[in-house]
Amino acid sequence: MKEQDLDWKLYHILAADPSKGEEELATIACVSPDQIRSSMDRLVLANLLERSDAGYRVLSIQEMLLRCQARHDKSCPFFLENGVLKMKSMPDTRDE
């Protein structure tokens, strides 16, 4: 199975039932736990999933867009830290 095929298969499984863990996903997808972890890493890097102590969560479209903007737009006034949206400190531009 191609990596991108596995990624999408896992994404759709998690979107339908977010309670699935890595072992259960490996059984359903008929792949090794290492392949599951690699796929999950790619999905997290692509801003499609979020990893936490509780497991994986499919991000909403709004979360995906905000994360992408924060990562790639240098003029973006905010950043994400541990899933929390924070404002960047901006230089004071007032005339004194």
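Cysteine 30 sits in the loop between α2 (22-29) and α3 (33-45), where helices (H or I, at least four residues) and strands (E, at least two) are DSSP runs numbered from the N terminus. The model is a predicted one, in which local features need pLDDT of at least 70 and side-chain atom pairs count only at pLDDT 80 or more, while totals for chains, interfaces and linings use all residues. Residues are numbered from 1 along each chain as its sequence is written, and side-chain values use heavy atoms, with hydrogens and water left out.

Most residues other than glycine have a negative phi. Cysteine 30, however, has a positive phi near 60°. Asparagine 47, in the loop between α3 and β1 (49-52), likewise has a positive phi near 60°. As for exposure, cysteine 30 counts as exposed at 68% relative accessibility, whereas asparagine 47 is buried at 9%; buried means under 20% relative accessible area, exposed over 50% and partly exposed in between (1.4 Å probe, protein chains only).

Turning to the helices, α2 and α3 pack at an angle of about 105°, with their axes 9 Å apart. Axes here are lines fitted to C-alpha atoms, for helices over the stretch in contact, and angles run from 0 to 180 degrees between N-to-C directions. The two helices are therefore roughly perpendicular to each other, a label given to angles of 65 to 115 degrees (under 35 is roughly parallel, over 145 roughly antiparallel and the rest oblique). Glu22, Glu23, Leu25 and Ala26 of α2 make the contact with Pro33, Ile36, Arg37 and Met40 of α3, contact meaning heavy atoms within 4.5 Å.

Ten salt bridges are counted, each being a side-chain nitrogen of Lys or Arg within 4 Å of a carboxyl oxygen of Asp or Glu. One of them joins glutamate 22 and arginine 37 (3.3 Å, N to O), linking helix α2 to helix α3 across 15 residues. Both partners are partly exposed, glutamate 22 at 22% and arginine 37 at 34%. Glutamate 3 also pairs with arginine 42, their closest N and O atoms being 3.8 Å apart; this bridge connects helix α1 (residues 3-16) with helix α3, 39 residues apart.

A further bridge brings arginine 67 to glutamate 50, with the closest N and O atoms 2.6 Å apart. Arginine 67 lies in helix α4 (residues 61-72) and glutamate 50 in strand β1. Arginine 67 is buried, at 19% relative accessible area. Glu50 and Arg67 also belong to a network of salt bridges with Arg57 and Glu63.
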